[in-house]
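Please look at the sequence and the model first, and then read on.

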Amino acid sequence: MKSITAAVILVLLVLAASLSLYRLDEAQQAIIVQFGEPIGDVIDEPGLQFKLPWQEVRFFDKRL
């Protein structure tokens, strides 16, 4: 019973992490949008980034 509970908790944590993390390439910039409105400044640091699960990330190419 404990192993089933631990497995369910692990699956929920992995699901929450997959909805909250995104990767930004060095040739991209992004902005986080919440309910259609931009939140914060443009993100241009490459690497693993965090957002809330109900927010959306819009990517733009910065090599222009």
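## The sheet

Strand 2 (residues 28-34) and strand 5 are paired in the antiparallel sense over six bridges, where two strands count as paired if DSSP finds at least two bridges between them, and where strands (E, at least two residues) and helices (H or I, at least four residues) are DSSP runs numbered from the N terminus. Within this pairing, Ala-30 has Phe-59 of strand 5 as its bridge partner. In general, the strands of a sheet pair through backbone hydrogen bonds, either parallel or antiparallel.

The open sheet to which these strands belong has three strands in the order 3-2-5, with antiparallel pairing. Its edge strands are strand 3 (37-43) and strand 5 (56-61), each of which pairs on one side only. From one strand to the next the twist averages 25 degrees, with axes taken as lines fitted to C-alpha atoms (for helices over the stretch in contact) and angles running from 0 to 180 degrees between N-to-C directions.

## Basis of the model

This is a predicted model, in which local features need pLDDT of at least 70 and side-chain atom pairs count only at pLDDT 80 or more, while totals for chains, interfaces and linings use all residues. Residues are numbered from 1 along each chain as its sequence is written, and side-chain values use heavy atoms, with hydrogens and water left out.

## Salt bridges

How many salt bridges does the count come to? It comes to two, a salt bridge being a side-chain nitrogen of Lys or Arg within 4 Å of a carboxyl oxygen of Asp or Glu. One joins the side chains of Arg-58 and Glu-56 at 3.4 Å, N to O, and another links Arg-63 with Asp-61, whose closest N and O atoms are 3.0 Å apart.

Arg-63 counts as exposed at 64% relative accessibility, whereas Asp-61 is partly exposed at 37% (buried means under 20% relative accessible area, exposed over 50%, and partly exposed in between, with a 1.4 Å probe and protein chains only). Arg-58 is partly exposed at 39%, and Glu-56 is partly exposed at 41%.

## Gln-49 and its surroundings

Gln-49 is found in strand 4 (residues 47-50) and counts as buried, at 18% relative accessibility. Leaving aside neighbours within four places in sequence, Gln-49 is in contact with Ser-20, Leu-21, Tyr-22, Leu-24 and Ile-43, contact meaning heavy atoms within 4.5 Å.
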